[in-house]
Amino acid sequence: MDEHNIKKQLKQVLSPALYAHCAGVSSTAGVLATSLGCDVSKARVAGWLHDCAREWPSAKLLHHAQTNSIEVDAITLRSPVILHAPIGALLAQQWGVTDTDILAAIRTHTLGTPDMTLLAQIIYLADKIEPNRQYPCVDELRQLAKLDFHQALIQTTAHTISFILHKQQAIHPVSLSYWNWLINK
Ligand SMILES: [Fe+2]
Ligand SMILES: [Fe+2]
């Protein structure tokens, strides 16, 4: 599936706001991929597709997790929205995406994971700094992303995790493993 057809498909299934977010992630990922020597067309496609299941209701996500043998741990059961990443990868596959790098980037964009590929890290960061995102330190993170990709990833992940801490919610163990991998690499 090429970018043109992916956009056509997404236009039909996403709300205008989510479509705009995905467009922002795609273009930000393309820019990051260019500067980091990563495959630009894969980054753009993964950016477009990363949230393809983001608007599925919790019951539908949980049902699909069950029927596709995707593990639902206690934290995921309390926050089924986490499942939009692995189920988004499945959906993209059903739409004809076969590239394992792209599918892995979609699968890991929410929690992160240790040993993430460069493409997956680009999607993780682009998701947090694309032009439609608005939160207090986002401009600093956008600037940092141009200067030091790894530091930008660390600071963005720290921001995301502390946001969850401040809401007094549980940090998924996969996110913690990703964080520990990120700061030690
Ligand atoms: Fe997402
Ligand atoms: Fe997103």
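At what angle do the axes of helix 2 and helix 3 cross? The model is a predicted one. In it, the axes of helix 2 (residues 16-36) and helix 3 (residues 40-49) cross at roughly 160°. They come within 7 Å. Angles over 145 degrees count as roughly antiparallel, and helix 2 and helix 3 are therefore roughly antiparallel to each other. Their crossing is right-handed.

Which residues of helix 2 and helix 3 make the contact? Helix 2 brings Cys 22, Val 25, Ser 26, Ala 29, Gly 30, Leu 32, Ala 33 and Thr 34. Helix 3 brings Val 40, Ala 43, Arg 44, Ala 46, Gly 47 and Trp 48. By class, the contact holds nine nonpolar, four polar and one charged residues.

Which residues of helix 2 are buried? They are His 21, Cys 22, Val 25, Ser 26, Thr 28, Ala 29, Gly 30, Leu 32 and Ala 33. Helix 3 is one of the partners of these buried residues. They also pack against helix 1 (3-13), helix 8, helix 9 (138-147) and helix 10 (149-166). Just after helix 2 comes Gly 37, with a positive phi of about 70°.

Is Ile 129 buried or exposed? The cut-off for a buried residue is 20 or more C-beta neighbours within 10 Å. Ile 129 has 22 C-beta neighbours inside 10 Å, so Ile 129 counts as buried. Leaving out residues up to four places away in sequence, Ile 129 touches Thr 28, Val 138, Leu 141, Arg 142, Ala 145 and Thr 156. Thr 28 is among the buried residues of helix 2. Take Ala 145 from that set of contacts. In sequence, Ile 129 and Ala 145 are 16 residues apart. In space, their C-alpha atoms are 8.7 Å apart.

Helix 8 also packs with helix 7. The angle here is about 40°, and the axes are 8 Å apart. Helix 7 and helix 8 are therefore oblique to each other. Helix 7 passes helix 8 in a right-handed crossing. Asp 101, Ala 104, Ala 105 and Thr 108 make the contact from helix 7. Leu 119, Ala 120 and Ile 123 make it from helix 8. These residues divide into five nonpolar, one polar and one charged.

Next, the loop between helix 7 (100-108) and helix 8 (118-129). Asp 115 lies there. Its phi is positive, about 60°, although Asp 115 is not a glycine. Is Asp 115 buried or exposed? A residue counts as exposed at 12 or fewer C-beta neighbours. Asp 115 has 10 inside 10 Å, so Asp 115 is exposed.

Where is Ser 69 placed? Ser 69 is in the loop between helix 4 (58-67) and helix 5 (74-78). Its phi is near 55°, again a positive value in a residue other than glycine. Ser 69 counts as exposed because it has 6 C-beta neighbours inside 10 Å.

Definitions and conventions. Residues numbered from 1 in each chain as written. Chains lettered and ligands numbered in written order. Predicted model: local features only at pLDDT ≥ 70, side-chain atom pairs only at ≥ 80, totals over all residues. Helix = DSSP H or I, 4+ residues; strand = E, 2+ residues; numbered from the N terminus. Axes fitted to C-alpha atoms, helices over the stretch in contact; angles between N-to-C directions. Parallel < 35°, antiparallel > 145°, perpendicular 65-115°, else oblique. Left-handed = near helix turned anticlockwise from the far one by under 90°. Contact = placed C-beta atoms within 7 Å. Nonpolar A, V, L, I, M, F, W, Y, C, P; charged D, E, K, R; others polar.
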